[in-house]
Each structure stands twice: as C-alpha cells, then as structure tokens.
Amino acid sequence: MITWNYRVFQDKDEYCIREVFYLDNGTIGGCTERRITPTGNSLDDLARDIENFQEALKLPVLTLEEIDAIVAEQPLPPPRDRSQNISLEQLVTELNLDWKEQDAVGEDLT
C-alpha cells in the first residue's frame, strides 16, 4: 500500500510543501511536481490540513534533485501479467451494453 505525507522542499531560495509518496518498503517513490497549499471542505478540514503541514516542518528538508536520485535507485517493478486483459469492445459485448465510442468532442466513432 502506498502512503504519503507532506514534506518541505527547498526550491532555489524558497521553501514549499509537496506531497511525498512512499513505497511498501518505506522508501520514497516520488513526489508531486507542483507545490501544495492547505485546503479543506470545512474549517475543521482546513485546520487538520494545516496541522499536517506543520508536521512536515519537523522532518528533514528535501530537494527535487534528492527525490530524483532516490527514485532512480529504485529497481523497476516486474512487468504485470496482462494475458487476461480484454478489449473495451469485448467487455461491452460481454456485458451486453448499448455503448457508442465517442471522441473528445462527442463525435460518434462507431
């Protein structure tokens, strides 16, 4: 299971917060490219998010270069077995769905 937390990053002469993702073995697997700002659907949610930001201040500061180096050292995962995959067309047929494929602007492709 992948877990994550907020971490402080040093970007040139500024500091920011990013989400950092951890692999099952606890090593860093990556981070968000963009900076994160606190958000919430309520004041309580926002307060919890800010508390999580404050927790990030207690951890060592990272750089994107450090993350890139850590990720580069990770072994590639084994290829997934896709021998049992079926096409979308086959799935639609098996489920007996009335479905038409459309492109991004809604044009019928079938």
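The model is predicted, so local features need pLDDT of at least 70 and side-chain atom pairs count only at pLDDT 80 or more, while totals for chains, interfaces and linings use all residues. Residues are numbered from 1 along each chain as its sequence is written, and side-chain values use heavy atoms, with hydrogens and water left out.

**Exercise 1. Find out how many disulfides there are, and where cysteine 16 and cysteine 31 stand.**

Solution. 
- Step 1: A disulfide is a covalent bond between the sulfur atoms of two cysteines.
- Step 2: apply the cut-off. A disulfide here is a pair of cysteine sulfur atoms within 2.5 Å.
- Step 3: check the distance. The closest cysteine sulfur to that of cysteine 16 belongs to cysteine 31 and is 8.9 Å away, which is too far for a bond.
- Step 4: give the count. It comes to 0 disulfides, and cysteine 31 is in none.
- Step 5: look at exposure (buried is under 20% relative accessible area, exposed over 50%, partly exposed in between, with a 1.4 Å probe and protein chains only). Cysteine 16 is buried at 8%, whereas cysteine 31 is partly exposed at 22%.

**Exercise 2. Work out which residues make up the largest nonpolar core.**

Solution. 
- Step 1: recall the background. In soluble globular proteins, nonpolar side chains tend to be buried together.
- Step 2: set the rule. A nonpolar core is a set of buried Ala, Val, Leu, Ile, Met, Phe, Trp, Tyr and Cys residues joined through side-chain atoms within 4.5 Å.
- Step 3: list the members. The largest core has 7 residues: Phe9, Cys16, Val20, Tyr22, Ile28, Leu62 and Ile67.
- Step 4: see where they come from. Strand 2 supplies the largest share of this core, 3 residues; strands (E, at least two residues) and helices (H or I, at least four) are DSSP runs numbered from the N terminus.
- Step 5: look for another core. A second, separate one of 5 residues includes Tyr6, Val8, Ile17 and Phe53.
- Step 6: zoom in on one member. Setting aside residues up to four places away in sequence, isoleucine 67 touches Phe9, Ile28, Gly30, Cys31 and Leu62 (contact means heavy atoms within 4.5 Å).

**Exercise 3. Describe the surroundings of arginine 18.**

Solution. 
- Step 1: Arginine 18 belongs to strand 2.
- Step 2: With a relative accessible area of 4%, arginine 18 is buried.
- Step 3: Beyond four places in sequence, its contacts include Asn5, Asp11, Cys31, Glu33 and Leu64.
- Step 4: find a partner for its side chain. A polar atom there lies 3.2 Å from the backbone oxygen of threonine 32.
- Step 5: check for a ring. Arginine 18 lies over the face of phenylalanine 9, at 5.1 Å from the ring centre (the rule asks for NZ of Lys or CZ of Arg within 6 Å of the centre and within 35 degrees of the ring normal).

**Exercise 4. Explain why lysine 12 and asparagine 96 each count as exposed.**

Solution. 
- Step 1: locate them. Lysine 12 is in the loop between strand 1 (3-11) and strand 2 (14-22), and asparagine 96 is in the segment after helix 3 (88-94).
- Step 2: compare with the cut-off already given. Lysine 12 has a relative accessible area of 79%, so this residue is exposed. Asparagine 96, at 72%, is therefore exposed.
- Step 3: Lysine 12 has a positive phi of about 55° without being a glycine. Asparagine 96, not a glycine either, has a positive phi of about 55°.

Conventions:
A polar contact is a pair of N or O atoms within 3.5 Å; within protein, one must be able to donate a hydrogen and the other to accept it, and residues adjacent in sequence count only if both atoms are side-chain atoms.
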